[in-house]
Amino acid sequence: IKVYVQPEVHEKEFNQFPPFDIPKMGDKVDFMVVLGGDGTLLYLASLFQGNISIPPVISFARGSLGFLTPFEFQNYEKLLTQFMKAGKPHWINIRMRLRAKVYRRRQQPSNTNSGIS
């Protein structure tokens, strides 16, 4: 397994892991692990712009809401071990990525925003 971390995390906490570069990595990523809340997961989705597909994501709740992050952090070792077993079927929740522009009267359109449904 090759582990990459967010560039800011690489600089501040985990310099033993190289920082990821989404445009260069492209479709070479098998899956991603998110440690955080819904906002962290949405931030991850925002990194995959244009035609870059978001790989499967295993998200562990570390925030307060946890609507998009279904797994509890204390179970990470068991869940990741199960996930990595060859020939083991996995259930996947498919979510759509939406892109929207907000128009206000007599103003130019705002920046395009993305989100996960």
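This is a predicted model: local features need pLDDT of at least 70, side-chain atom pairs count only at pLDDT 80 or more; totals for chains, interfaces and linings use all residues.

Reader: Fine. How many aromatic pairs does the count come to?
Author: The count comes to four. One of them is phenylalanine 31 with phenylalanine 83, an edge-to-face pair. Their centres are 4.8 Å apart, with 70 degrees between the planes.

Reader: Why does that pair tie together parts that are apart in sequence?
Author: Phenylalanine 31 lies in the loop between helix H2 (22-25) and strand S1 (32-36), and phenylalanine 83 lies in helix H4 (residues 76-84), so the pair links parts 52 residues apart in sequence.

Reader: Phenylalanine 31: what is the relative accessibility?
Author: Phenylalanine 31 has 24%, so it counts as partly exposed. Phenylalanine 83 is partly exposed as well, at 25%.

Reader: And phenylalanine 73 with tyrosine 76: what are the distance and angle?
Author: That pair is stacked, 5.2 Å centre to centre and 15 degrees between the planes. Phenylalanine 73 is partly exposed at 26%. Tyrosine 76 is partly exposed at 36%.

Reader: Which charged end sits over the ring of phenylalanine 73?
Author: The charged end of arginine 62 does, 4.2 Å from the ring centre.

Reader: New topic. Serine 59: buried or exposed?
Author: Buried, because its relative accessibility is 4% and the cut-off for buried is under 20%. Serine 59 is in strand S2 (residues 57-61).

Reader: Which residues does serine 59 touch?
Author: Leaving out residues up to four places away in sequence, serine 59 touches Val34, Leu41, Leu68, Thr69, Pro70 and Phe71.

Definitions and conventions
Residues are numbered from 1 along each chain as its sequence is written. Side-chain values use heavy atoms; hydrogens and water are left out. Rings of Phe, Tyr and Trp (its six-membered ring) pair if their centres lie within 6.5 Å; planes under 30 degrees apart count as stacked, over 60 as edge-to-face and the rest as tilted. Helices (H or I, at least four residues) and strands (E, at least two) are DSSP runs, numbered from the N terminus. Buried means under 20% relative accessible area, exposed over 50%, partly exposed in between (1.4 Å probe, protein chains only). A charge sits over a ring if NZ of Lys or CZ of Arg is within 6 Å of the ring centre and within 35 degrees of the ring normal. Contact means heavy atoms within 4.5 Å.
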